[in-house]
Amino acid sequence: MSSSMLAGPPGECCRQTVHHVGTPRGALENIAGVNTYIARPTSGDVDKIILFFSDVYGATYTNSQLVMDYWADNGYLVLGLDYFEGDSKALLNLDDETFDYRGWVNSKKVRAAVLVPPWIEAVRERYGTSMKYTCVGYCFGAPYVMDLLKTDWIVAGAFGHPAFLNEDHFRGIQHPLLMSCAEVDHTFPLESRRKAEDILVEQKAAYYIQVFSSVKHGFALRCDLSVPAERWAKEESARGVLDWFTHFCG
């Protein structure tokens with residue numbers, strides 16, 4: 001029996017962004033042959049790690065890096081791998097109507113599936129198994145979070161406005177999940193969100209759902225910060241992820 005789709009592939013809304021202004025303070029380093037944005041806590045002490053799985057704009061996009069820096073400023077070592085290998089949506093012409101967006105997404109999905117497992121293995125080897133590992137994913141990156149929540153070493157996970165999820169992604173998770181969702185999301189609509197919640201309830205999973213009104217898919221990374229409702233939702237989502245992880249990491 002096939003598993004029903006709950007969150008579809010990245011859509012046209014993912015071709016829209018508002019560039020956020022700021023200077024990322026992290027650095028790019030190579031882990032398992034993949035460029036990885038690393039944001040370190042200012043204290044220098046590290047016992048908690050966030051694995052960041054980006055949307056189609058990638059971990060090298062300033063918007064993503066500023067969010068990772070925020071978590072690092074609050075005590076986490078944050079690692080975001082560039083599974084687009086320098087070919088993220090942020091570097092493409094957003095207005096090019098001839099661009100085969102669907103083909104690009106599908107090819108990157110195949111490539112990311114090859115890059116992610118050895119990257120995770122290398123991260124654990126580099127930082128050790130005594131660390132408290134958490135994970136967060138946006139859109140394209142959400143399935144990696146759901147997969148890790150079925151392992152025995154992740155403390156907690158979170159996703160924002162997800163893509164590429166089916167019912168089986170929610171079945172069998174072993175660790176707490178935060179879902180940060182937009183009221184308007186054609187990729188993960190209301191019916192899918194409620195079905196996901198039903199599955200989590202059935203298996204007595206630990207979960208928390210945020211739903212923000214007046215925002216759409218992509219709000220947590222690519223919203224218009226000049227619009228108060230969007231800015232608040234974006235910042236509250238990042239703060240919610242931080243509080244969720246800290247609650248379980250201690």
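A: In this predicted model, helix H1, which covers residues 62-73, packs against helix H7, which covers residues 228-249, with the two axes 10 Å apart and at an angle of about 45 degrees. Because angles under 35 degrees would count as roughly parallel and those from 65 to 115 as roughly perpendicular, H1 is oblique to H7. The crossing of these two helices is right-handed. On the side of H1 the contact is made by Val67, Tyr70 and Trp71, while H7 contributes Lys234, Ala238, Arg239, Val241 and Leu242.

Two residues lie between the strands of the hairpin, and alanine 32, which belongs to the turn, has a positive phi of about 55 degrees.

Strand E3 also holds valine 34, whose relative accessibility is 2%, so that this valine counts as buried, the cut-off being under 20%. If residues up to four places away in sequence are left aside, valine 34 touches Glu29, Leu81, Asp82, Leu115 and Trp119. As a reference for distance across the model, the C-alpha atom of valine 34 is separated by 25 Å from that of histidine 161, a residue 127 positions apart from valine 34 along the chain.

The remaining site is histidine 175, placed in the loop between helix H4 (167-170) and strand E9 (177-184). Although this histidine sits in a loop, its relative accessibility is 16%, and histidine 175 therefore counts as buried. Its side chain reaches the backbone oxygen of threonine 151 at 2.6 Å, and a polar atom of that side chain also lies 3.1 Å from the backbone oxygen of isoleucine 154. Threonine 151 and isoleucine 154 are likewise among the residues that histidine 175 touches when those up to four places away in sequence are not counted, and that list also includes Leu149, Asp152, Trp153, Val155 and Ala206.

Key. Residues numbered from 1 in each chain as written. Predicted model: local features only at pLDDT ≥ 70, side-chain atom pairs only at ≥ 80, totals over all residues. Heavy atoms only, no water. Pairing = 2+ DSSP bridges. Helix = DSSP H or I, 4+ residues; strand = E, 2+ residues; numbered from the N terminus. Buried < 20%, exposed > 50% of the residue type's maximum accessible area, 1.4 Å probe, protein only. Polar contact = N/O pair within 3.5 Å; in protein donor to acceptor, adjacent residues only side chain to side chain. Contact = heavy atoms within 4.5 Å. Axes fitted to C-alpha atoms, helices over the stretch in contact; angles between N-to-C directions. Parallel < 35°, antiparallel > 145°, perpendicular 65-115°, else oblique. Left-handed = near helix turned anticlockwise from the far one by under 90°.
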